[in-house]
Amino acid sequence: MDTRLINIGFGNIVAANRIIAIVSPDSAPIKRIIQEARDKGILIDATYGRRTRAVVITDSGHVVLSAVQPETVAHRFTSKEAVPAEEEEEATESPVPGHQ
């Protein structure tokens with residue numbers, strides 16, 4: 001089984017087959033989900049200090065915050081931009097020794 005990986009910004013990647021929903025953080029129910037995840041220790045903040053623009057909810061209950069628009073993440077989810085894990089590892093290797 002190929003695991004597709006979705007780039008959610010700043011080089012952070014989520015397994016596509018684990019994603020349940022990609023939503024905007026603006027509504028009160030989503031803000032409540034974020035706070036509950038923070039309290040339980042299952043919140044993953046991948047915003048690098050920037051404004052949260054998308055909330056990715058996984059089948060394990062983890063909540064991932066992203067600084068990328070939900071539409072962008074969804075487009076990456078449905079496009080061929082998502083690559084199998086083996087190809088992702090090869091693509092992240094630097095061609096110049098000592099540089100990443």
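This is a predicted model: local features need pLDDT of at least 70, side-chain atom pairs count only at pLDDT 80 or more; totals for chains, interfaces and linings use all residues.
**Entry 1**

I began with the strands. Four of them form an open sheet, and I read their order as β3-β5-β6-β4. The pairing is mixed. Next I looked up the edges. They are β3, residues 19-23, and β4, residues 43-46. Each of these edge strands pairs on one side only.

Strand β5 covers residues 54-58 and strand β6 covers residues 63-66. The two run antiparallel, and four bridges join them.

Which strands does helix α1 touch? I found contacts with β3, β4, β5 and β6. This helix, residues 28-40, packs on the sheet, and its direction makes about 115° with that of β6. Helix α2 is residues 70-78. I see α2 lying across β3, β5 and β6, at about 145° to β3.

**Entry 1: a closer look at α1**

I checked the length of α1. Its 13 residues, at 1.5 Å a residue, should span 18 Å. The end C-alpha atoms are 18 Å apart, so the two values agree.

Which residues of α1 are buried? I listed I30, I34 and A37. They sit on the same side of α1, because they cover an arc of only 65° around the axis. The buried residues of α1 pack against β3, β4, β5 and β6. On the other side of the helix I found D39 and K40 exposed. After α1 comes G41, and I noted its positive phi, near 80°.

**Entry 2: the salt bridge**

I looked for salt bridges and the count came to one. The side chains of D59 and R18 meet in it, at 2.6 Å from N to O. What does this pair tie together? D59 lies in the loop between β5 and β6, and R18 lies in the loop between β2 (12-15) and β3, so the pair links parts that are 41 residues apart in sequence.

D59 has a relative accessible area of 43%, which makes it partly exposed. R18 stands at 38% relative accessibility and also counts as partly exposed.

Technical notes: Residues are numbered from 1 along each chain as its sequence is written. Side-chain values use heavy atoms; hydrogens and water are left out. Two strands pair if DSSP finds at least two bridges between them. Contact means heavy atoms within 4.5 Å. Axes are lines fitted to C-alpha atoms, for helices over the stretch in contact, and angles run from 0 to 180 degrees between N-to-C directions. A salt bridge is a side-chain nitrogen of Lys or Arg within 4 Å of a carboxyl oxygen of Asp or Glu. Buried means under 20% relative accessible area, exposed over 50%, partly exposed in between (1.4 Å probe, protein chains only). The expected span of a helix is 1.5 Å times one less than its number of residues. The arc is that of the directions from the helix axis to the C-beta atoms.
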